[in-house]
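Welcome, and thanks for taking a look at this one with me.

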Amino acid sequence: MFTLAEIKEIIQLVDQASLQYFELEQSGSRIILDKGQRTEQAQTGEKSAAASPVSAAKESVIKEEPDKATIFQITAPMAGTFYTAAEPGAEAFVKAGQEVAEGTVVCIVESMKLFTEVEAEVKGKIVEILVENEATVGYGQPLFTVKRI
Amino acid sequence: MQISVLRPGLLTTLQDLGRYGFQKYGIIVSGGMDLYSLRIANVLVGNDEAEAALEITLMGPSLMLEKGTLFAITGGDLSPKIDGIPVPTWRPVFLRQDSELQFGPCTAGCRSYLAVAGGYGFSPVMGSKSTYLRAAIGGFHGRGLEKGDILPLGNPGKKSRLLICQLENKMTKQPFSTTPWQAKASYITKQDRIRQVRVTRGRHFDYFTEESQSRFFQEAFEITKNSDRMGYRLSGPTMKLKAPLEMVSEGIVLGTVQVPPDGNPIALVADRHSVGGYPKIAQVIMADIPVLAQIKPGEKIQLREVSLEEAENIYLENEKMIQTIKTAIHLQIRG
């Protein structure tokens, strides 16, 4: 289940991003935000909550062309194993909510026994770490979402 | 290109994979203690893995390096710095200006390796650039580095030059530039714990009392302060023979664990002599020699028995891993 605060935040983030359609599924809950149809739904399991119409205020926001995407994704530079810390037991490079600058090392991807540091390409705040530590990641797979500052 | 020695450190010697083929004349093998780190250091700068590197022990030197030098530091972490900035280890580092490379406190492991692109410009003695300290041959005039020594460097090969091109063009405010990728060694950590070292049974294992045999594998041994590049002296349970054993000296190899009459085992390492007359209780497996080489005197080890077949499999796995790293680095260099 998403909390009301989370749903609010997601709506806000999607609203500001240059996205037309957004879908998120997490442990049985699903959120679909579709700017094209100007409807949004929050579903829990089989039961679907009544979709609330988008307010007039929101419509005006949608009409505005977002000048710059505020949400940025850090993607895997290669296929490999994702590590949040320099070595087992060490502190993670970054945590959700932490501010990063261009060049801040956010994680390591291991491929063929070589360990490549991945740097944040923008100044911002880590919104979410999208991959579990030691998970296998593919080339170009989003690893972090960063909100530009 | 050259390196000048400002401070020599505790024991800094030139070592390669060793001087083989002359043990029958009593010439010891020598070579790097942790050959995994030495080989990877060379591969990281585009050298042949058998090239010589500086082996730096516990307390490192201060060295003056020239602009344009490509080097890599592997092995234990002896806190290398340039202008107070920590120098990344296990990756190629290119110098953008003449710099003093200072080693500091040893925070992990025991020995560091400094490889330079093109290698060190010394002629091999009996096929090797390794320093044989007791006979004073090989390496830098057969001795450890001293203040004021000048070490000439060889010409970087094609792979090294490609890497230099990549790093030369990298924008940075630091006096050096490096790659985003690096190699690693899982057996060197800062954590203070008893290290496991795997051994096979030695030829004379059965000559020891049953109590000694079981305590050998059950109890921990401390690496004593008398340990050096020749042998790691172990202090722990005393190993007793069932009956006195009169032995004729016979050949010994890297990692042989022999027990002198005092009952304290000695694991023979790089500068071991060619024959020995003490009973051999065990043999450290090849893959774990680097593990042993990075343990500081005063630290403890736990010996674990593996079969010869297991030892061979671990060795092959290890060599495969090194080949994988080499391939991965070559791919990175070619970009």
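1. Contact here means heavy atoms within 4.5 Å. With that in mind, start where the two chains meet in this predicted model: 10 residues of chain A are in contact with 15 residues of chain B.

2. Chain A and chain B bury about 1100 Å² between them, and carbon and sulfur atoms give 61% of that area. On the chain A side, look for Met112(A), Leu114(A) and Phe115(A): these lose the most area to chain B, together 52% of what that side buries.

3. Next, please find the second largest pocket, with a volume of about 690 Å³. It is lined by 20 residues, and the closest to its centre are Ile10(A), Leu13(A), Phe22(A), Leu24(A) and Glu128(A).

4. Which elements give two or more residues to this lining? They are helix 1 (4-16), strand 1 (21-26), strand 5 (71-75) and strand 10 (124-129) of chain A. Helix 1 of chain A supplies the largest share, 5 residues. By class, the lining has 12 nonpolar, 4 polar and 4 charged residues.

5. Now for the cores. The largest nonpolar core holds 59 residues, and Phe216(B), Ile281(B), Leu292(B) and Ile301(B) have the most contacts inside it. Helix 1 (residues 35-44) of chain B gives this core its largest share, 6 residues. A second, separate core of 26 residues includes Leu63(B), Val87(B), Val93(B) and Tyr120(B).

6. Finally, a closer look at Ile301(B). Leaving aside residues up to four places away in sequence, Ile301(B) touches several residues, among them Ile194(B), Arg195(B), Phe221(B), Leu234(B) and Leu292(B).

Definitions and conventions: Residues numbered from 1 in each chain as written. Chains lettered and ligands numbered in written order. Predicted model: local features only at pLDDT ≥ 70, side-chain atom pairs only at ≥ 80, totals over all residues. Heavy atoms only, no water. Core = buried A, V, L, I, M, F, W, Y, C linked by side-chain atoms within 4.5 Å. Buried < 20%, exposed > 50% of the residue type's maximum accessible area, 1.4 Å probe, protein only. Helix = DSSP H or I, 4+ residues; strand = E, 2+ residues; numbered from the N terminus. 1 Å grid on protein atoms, 1.4 Å probe; cavity = no way out; pocket = protein on both sides within 12 Å on 5 of 7 lines; lining within 4 Å. Points joined across faces, edges and corners; volume = space filled by probe spheres on them. Nonpolar A, V, L, I, M, F, W, Y, C, P; charged D, E, K, R; others polar. Buried area = accessible area lost by both parts, 1.4 Å probe.
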